[in-house]
Amino acid sequence: MKNDYKMTTDLGILEEYLGTATAIAFDFETAANPLWAHEKEAALDAHKAHIVGISLAVAEHSGIYVPLRHVSGTNAAPLEVMAWLRQRVFENPAVTKIVHNLSFEARFLLAQGITLVPPVYDTIAGAQLMLKDEQHFRGLRDAGLKGLAYEWCSLWLPSYGETVGTGSFRDLDPADDATIAYACGDADLALRCYRIENAWFAQNIPAHEALVRTIESPVALFTALMEHRGVLVDREGLQAAADAGGAQLQSCRQRLENSGSRPVRVGENAATNDVKAYLFNDLALPVLKATETGKPSVDGEAISLLLAHCREDHPEHLDFLGGIRDYRGLAKLIKTYILGLQQRINPVTLAIHTRFFPLGAETGRFSSQNPNCQNLPAGASHGVNVRDFFTARPGCTLVSVDYSQIELRVGAWFTGDPNMLGVFVDGGDIHALTTAAVYGITLSEARDKSHPDYKERRAVAKNINFGIFYGLYPRGLKRILAQKAGIDRSEAQCAAMIAAIHQAYPKLAAWQDEVKWNARYRETVDTALGRRRSLYGINGPDENTRAHFERAALNHPIQGTAADILKLAMVRLYAGLAERPYIHPLLTVHDEIVFEVATERLAEAVAWIRGVMEAPPFAGFDVPLVAEAAVGPTYGSLQPWVDEA
DNA sequence: CTCTGTTTATA
DNA sequence: AAGGTATAAACAGAGT
C-alpha cells in the first residue's frame, strides 16, 4: 500500500489534514543547538537541542510534516505553529495524543513552556507490556519503533543514520521525499503501533490496555517533569568533597597495601586476585563464604566472618581485614557518589537530570540511571552525606513525601488478615504487633521504649516484617539479623519466630500457599490491577530456579501493587500540577516522591500532595494509606513535617 | 573493546 | 533443604 505522506508550512492545510480526528500521533525531529553540536547525544537533551520539525498522523499510511527550523528550504513559522498546535493538539483534552516514547516529546514541549494534557498514549510503554514470545515481555531494547515496524508491519524504516548521515536533521532539505518519508514514517508508525497494541491487548491481556492508557502513559508525562527540571547540585560542596576525598582515598589505599605481612596489590576496590591470594594462600585463612559461582568470597559478610575468626587466634590480621572494609566504603563513596555525580551535572542547568524508566523493573517499579538516584547513601559516611549535595533552588524547599509501610499495607490487603488489617485501620504500629507475637509479650510491653530490649526486639520484628511476605526461611532470617542488626540467633530460634508470625497473622500462610499454587499453574502472576509478570521457569527442572520464581511470585503482587499505587498517585498529581506551578516533582524512589516547592507556599503544597497521595488508589482497596512529608533545604537535611495544630 | 562476575548502595 | 524481592554503578579479569 502506498503511503500518503506530505509536507506543509501552511496551517490551513494542516487543519484540513487533522480534520475531525480524535486520535493524533505526532513525532519531533530534533537537533543539537550549535553550542553542543559536537556532543554526541545532545540532540536528545531538550536543554541542549531544539525541535527541527513536527510530523503528525491521523490515519494509517498517511502523515504530514511541518518543518520549523531546517537550515535550508522553506520552514513554517515556528512560534506560530507551536502556539496553534498547543491549542489544537497538545493541550486539547478532546484529542488522544499518541507518541512513541512520550516522555521525550513531553520534555521538548516543556522546554517551550507547553505541558501536555491527557489523554495520551505512549506506544513504547504499550510495547513493553506485550509479550514478545510465549514467555517474555518486551524489554525497552526490543521496543524501538524501527524494530517494531519490521516485526509487526514487515517494514524497513530508514534508520536515523541512513537518513541524516553524520550531520543533523536540520541540514536536510524539508522538501526532499526522503526527509518527508522519514519524518512522517515515525508518526504513522506510532499510530499503527497504537492500533496493533490495542488489538493485541484485547485478545491477550485486557488489563494491560487499561494499564497503558490510564497509568503508564500519563506517568510518562510525570517522568518528563522530573527529568526536565532536575535537581540543583551544590557544585562547590561536591568539589570540596572530591578534593578531600582524593587524598583520603590515596592514603587509605597505601595504608591497606602495606598493612599485611607483605605488600598486597589492592586495586581500586580491594577485590583483586592478589587480595584473595594473600588471604587464602599467604595467610591460609579458611573460606567461610562462597560466591554465587562457588569461588571464595571476599565481600563484606565474608570479611566479617574472617574478622570474627581471627579475633582470638590471629589478631595480627585484623588491621588488613578491617582496612579492606574502610577502603571499600571510602572508594564507593568517592568514585560512585562524588566523582560519579560530578560527571552528571548538566552544564546548561547546573542540575542533575536523572533518567527514569517507569518500566525499569519487572514488577512495575521505576529504575533510575545516569546517575541512579534511587540508591544514594541514606546517611553520612566518612563525614559526608551525599544527599546534602542535592539542593533546593533559591526560594524553594525540598519536600519528600513517602508512603509509610506501603508494602505491608498492600500485604495486609491481599491476605485479608484481620490482625494486620486491624493495625492499619486503627492507625497502630505493625512492628509492635510483630514484636509482641515473636517474643510472646503484650502489645504495651512491645511498645515500651524504656524497656532494655526495646531496640533489639524492634529490629528483629522489622526484619521479619520486611522478609516474611517473600518466603523468608529460618536460615535467611538468621543471616539477615546477623548482617543488618548484628543480632545472633540460632536457626531454631528463627524458625520459632517465623512460626509465631504465622500464629499472629493466621491468613498469611494460606495466601502464600494460594499464590504459589496459582503461580505454578499459570506460570504468571498479577498485581491487583492486572500487571502481569512471567514466571517462565517455575516448573522447570532446577530446584533453585523453581524456588526463586516462587519467591518472585510472592513478591510481585506486593511490590508491584505498591508500584501501581505510587504511579496512580503520580497520575492524580499530574492533573493538579498545571494549576499549581509552585510545585515541581524532582525524583521518585519506590515509595517516595521528592518535590521542589516555592517556600512561601510550602504548607498548602504539602497538604495538597499528602491528600492526593493518601486518596484511595483504586476501587476495593480499603486499607488506609499514610503519606509522611519531610522538608528541608537539601535532600540530606529533611525534617519531618508537622501540621500546625 | 565486550562480556561475565563480584561487590555495594537503595527501597 | 531452604539464597527475601527489585534495581544501577564501578571494578576485575578473561576473552575477542
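This is a predicted model: local features need pLDDT of at least 70, side-chain atom pairs count only at pLDDT 80 or more; totals for chains, interfaces and linings use all residues.
Residues are numbered from 1 along each chain as its sequence is written, and chains are lettered from A and ligands numbered from 1 in the order in which they are written.

**Domains**

Chain A is divided into domain 1 (4–229), domain 2 (235–345), domain 3 (350–405 + 565–640) and domain 4 (407–555), with bounds that come from an automatic or database domain assignment. The centres of domain 2 and domain 4, taken over C-alpha atoms, are separated by 34 Å.

**Around the DNA strands**

A residue is near a strand if its C-beta atom, placed from the backbone, lies within 6 Å of it. Of the 21 residues around DNA strand B, those that come nearest are Thr291, Asp299, Gly300, Asn375 and His590. DNA strand C is surrounded by 38 residues, of which Gly267, Glu268, Asn273, Gly340 and Gly476 are the closest.

Helices (H or I, at least four residues) and strands (E, at least two) are DSSP runs, numbered from the N terminus. Helix α12 (residues 318–342) provides the largest share of the surface near DNA strand B, 3 residues, whereas α21 gives the most to the surface near DNA strand C, with 7 residues.

**The sheet and its helix**

Strands of a sheet pair through backbone hydrogen bonds, either parallel or antiparallel. Here, an open sheet of 5 strands has antiparallel pairing and the order β16-β17-β13-β18-β19, where two strands pair if DSSP finds at least two bridges between them. The edge strands, β16 (583–588) and β19 (639–640), each pair on one side only. Strand β13 (residues 396–403) is joined to strand β17 (residues 592–598) over 7 bridges in the antiparallel sense, and Val401 stands opposite Ile593 in β17.

Helix α22 (residues 602–614) packs on this sheet and touches β13, β16, β17 and β18 (627–632), a contact being two residues whose C-beta atoms, placed from the backbone, lie within 7 Å. The direction of α22 makes about 20 degrees with that of β13, with axes that are lines fitted to C-alpha atoms, for helices over the stretch in contact, and angles that run from 0 to 180 degrees between N-to-C directions.
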